[in-house]
Amino acid sequence: MEEAVEPSAFESIGQVEPEPIREHWVNVAGTRYPPKQVYQLITGLPRSAYTSHRALAELRKLGLSTSVYTPPRTETARAEISDRSGTTGGVDELSESFATLSRFLTDHDLTAHLAAAEAALQHSGSATSRVVITEYGFSEDLLHAALAVRAQVGRLNDVIHATVIARVLPVILEAGEVVVRRPSLGAGNDRSRPFDLETDRRIAEFKVAQWKGADAVRKRGVVSDLVHLALDESGRRAQLFVVGVRPVRFLTTSKSTIEWALGRSSPHTRSRFEQRFGPASNFTIAEFVRLHGERIELVDLETLVPSLALPAEPI
């Protein structure tokens, strides 16, 4: 932020009551204030336009004493990081966001914390609700952090998918077996790479989601992958890698129809299915697996990547 600040701007701050300090502070004429409060007073910017750390950095440039703070990288370095990572704030700000969110979640049992906040807000007016917001830590920094983290965590599925396949490869590839097509490490395939893994001896799809009960989307996805494998006519070994017993149990016992399972698949997939196997309404999922999926090996990834295993369910 390049806004110029006149030294005289600090004179009026002493007439303002300091807001409660939660973590960081800035000393103005012997009184400690939250950095975002001071920065708003001297710049007129809305607090949503900057984080506490950003305010601290700017206030330190003005010669004010603040709480301990390690400045982020230079703007040039931050821009380079942003170009590489695709994040608008760079690695440092994203790290700060993760740290802020982690502290909030670590310090509180979230369910109990929200329930207590709800009770405190009942019958509250404007002034009381402001006190509750401060007391329960629902700060702008927390919102900024949560939004920044949410923008990135969607890529975790790709990271997990890629890492699982990469770590499994050295274990499953046989002597002399080679990968003949660039593997699909990111979630989802394209026409040029119909399978997650294609070697000179096998084709394979990987479903690395951990099923927990209400898994309609995952159920459709695993059936779609099984159908893709069943449609292959190359004669190579076919494998469907899943996590845990639930996907296997679903595929081998489900009475839902293939028509339901493929209901959100592409028209191309549904057309290929009907040309090869007939109307999708003719089969339950279990029947299709028994009649046309017998050559597809269902492999539990927990046996190859133990960290994927969920805690045992209570008996």
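Phe273 touches Val227, Leu231, Ile258, Leu262, Gly278, Pro279, Ala280, Phe283 and Phe288, with residues up to four places away in sequence left out of the count. Contact here means heavy atoms within 4.5 Å. The model is predicted: local features need pLDDT of at least 70, side-chain atom pairs count only at pLDDT 80 or more, and totals for chains, interfaces and linings use all residues. Residues are numbered from 1 along each chain as its sequence is written, and side-chain values use heavy atoms, with hydrogens and water left out.

Phe273 belongs to the largest nonpolar core, which has 26 residues. A nonpolar core is a set of buried Ala, Val, Leu, Ile, Met, Phe, Trp, Tyr and Cys residues joined through side-chain atoms within 4.5 Å. Buried means under 20% relative accessible area, exposed means over 50%, and partly exposed lies in between (1.4 Å probe, protein chains only). Within this core, Val223, Leu251, Ile258, Phe273 and Phe288 touch the most other members. Two or more core residues come from each of α9 (216-231), β6 (237-242), α10 (245-253), α11 (258-261), α12 (267-277) and α13 (285-292). Helix α9 gives the largest share, seven residues. In soluble globular proteins, nonpolar side chains tend to be buried together.

The protein contains 13 helices and seven strands. Both are DSSP runs numbered from the N terminus: helices are H or I with at least four residues, and strands are E with at least two. Of the 315 residues, 38% are buried. Among contacts with a separation of 6 or more, 60% join residues 24 or more positions apart. The accessible surface comes to about 18,300 Å², and carbon and sulfur atoms hold 53% of it. Accessible areas come from the Shrake-Rupley method with a 1.4 Å probe; for residues, only the protein chains shown count as cover.

Four strands form an open sheet in the order β4-β5-β6-β7, with mixed pairing. Two strands pair if DSSP finds at least two bridges between them. The edge strands, β4 (197-198) and β7 (296-300), each pair on one side only. Strand β5 (residues 202-206) pairs with β6 in the parallel sense over five bridges. Arg202 stands opposite Arg237 of β6. Strands β6 and β7 also pair in the parallel sense, over five bridges. There, Val242 has Asp300 in β7 as its bridge partner. Five of the six residues of β6 are buried, so this strand is largely enclosed by the rest of the structure.

Thr199 sits in the loop between β4 and β5. Its relative accessibility is 0%, so Thr199 counts as buried. The Thr199 side chain reaches the backbone nitrogen of Arg201 at 2.9 Å. This is a polar contact, a pair of N or O atoms within 3.5 Å; within protein, one must be able to donate a hydrogen and the other to accept it, and residues adjacent in sequence count only if both atoms are side-chain atoms. Beyond four places in sequence, Thr199 touches Leu173, Glu177, Val178, Val179, Val180 and Arg236.

Helix α5 (residues 110-121) has 12 residues and should span 16 Å at 1.5 Å a residue; its end C-alpha atoms are 16 Å apart, which agrees. The expected span is 1.5 Å times one less than the number of residues. At the start of α5, a side-chain oxygen of Asp109 comes to within 3.2 Å of the backbone nitrogen of Thr111. Just after α5, His123 takes a positive phi of about 70°. His123 lies in the loop between α5 and α6 (126-135). At 78% relative accessibility, His123 counts as exposed.

Ala29 likewise has a positive phi, of about 55°, although it is not a glycine. Ala29 is located in the loop between β1 (26-28) and β2 (31-33). With 81% relative accessibility, Ala29 counts as exposed.

Glu96 is part of helix α4 (residues 90-107). Its relative accessibility is 18%, so Glu96 counts as buried. Glu96 and Ala145 are 49 residues apart in sequence, and their C-alpha atoms are 7.6 Å apart in space.
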